[in-house]
Amino acid sequence: MQNRIFLVFFLFVLSYFSLGSRAVSLSPSPTVDSDLLYEEMNLDSIIDRVAFDQAITGYNKIGSKKRDIITLIDFSKPSTCKRFFVLNLSQKKILYSSYVSHGRNSGGNFATSFSNQAGSYKSSLGFYLTENTYQGKNGYSLVLNGLEKGINDKAKERAIVIHGAAYANPSFITSCGRLGRSLGCPALPLSVSREIIDLIKEGSLLYIYADNKDYLANSSILKPDLMAKL
């Protein structure tokens with residue numbers, strides 16, 4: 001009996017630290033059918049299927065979320081395309097699609113390089129939970145809690161937040177051929193930033209996607225499922 005209790009305790013501790021210092025509550029079983037939802041929401045040609053499947057995998061696993069809304073940022077698309085999507089999964093609706101900027105050292109029109117390090121001025125991939133809002137140097141901003149150790153868990157330390165910026169306005173594309181870039185934050189057009197922030201704040205899930213093998217190999221949230229399919 002004592003051995004069984006020790007084994008359960010050991011597995012709990014192991015799962016806690018494998019997900020980083022900010023513990024992630026994981027749901028016991030999937031609640032959303034990715035295949036069915038993708039068809040019912042008519043997302044073909046709008047949202048990349050792989051990005052959507054990965055986002056829903058995280059949504060089904062992460063129990064810490066408080067909302068049935070998930071935000072998907074697809075950095076496999078260029079900054080000249082709308083690649084920021086707010087999805088209401090219970091209503092099966094796209095609530096917003098928007099342009100969004102990436103970090104200045106992540107790339108030009110495409111984001112191809114990512115980092116969790118302070119001072120890198122790069123975007124970070126993976127899953128986040130939204131928290132509180134505040135008025136900062138970039139105006140109305142939304143705090144992001146990075147859930148993946150070594151991948152995005154320094155988001156708060158780096159002040160990686162969602163905010164509005166003039167360089168994220170689509171008019172910037174006309175003059176420069178791409179959006180302007182941030183210091184690592186997912187920056188939105190000023191015309192929609194407040195509305196979107198108020199919609200997704202306080203406990204909704206955010207997933208930043210890219211076709212990136214390093215992320216998949218190290219994601220504590222996605223890796224088990226990917227390995228099971230091999």
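Strand β1, which spans residues 69–74, is mostly covered, and six of its six residues are buried. This is a predicted model, in which local features need pLDDT of at least 70, side-chain atom pairs count only at pLDDT 80 or more, and totals for chains, interfaces and linings use all residues. Residues are numbered from 1 along each chain as its sequence is written, and side-chain values use heavy atoms, with hydrogens and water left out.

User: What makes β1 a strand, and which residues are buried on each side of β1?
Analyst: Strands are DSSP runs of E with at least two residues, numbered from the N terminus, and β1 covers residues 69–74. Ile-69, Thr-71 and Ile-73 are buried on one side, and Ile-70, Leu-72 and Asp-74 are buried on the other. In a regular strand the side chains alternate between the two faces of the sheet.

User: How do you know that β1 pairs with β2 and β8?
Analyst: Two strands pair if DSSP finds at least two bridges between them. Five bridges join β1 to the antiparallel strand β2 (residues 84–88), and five join β1 to the parallel strand β8 (residues 205–209), so both meet that criterion. Within these pairings, Ile-70 stands opposite Leu-87 in β2, while Thr-71 stands opposite Leu-206 in β8.

User: Why is Gly-108 called partly exposed?
Analyst: Buried means under 20% relative accessible area and exposed over 50%, with partly exposed in between (1.4 Å probe, protein chains only); Gly-108 has a relative accessible area of 31%, and is therefore partly exposed. Gly-108 lies in the loop between β3 (93–98) and β4 (126–136).

Methods:
Helices (H or I, at least four residues) and strands (E, at least two) are DSSP runs, numbered from the N terminus.
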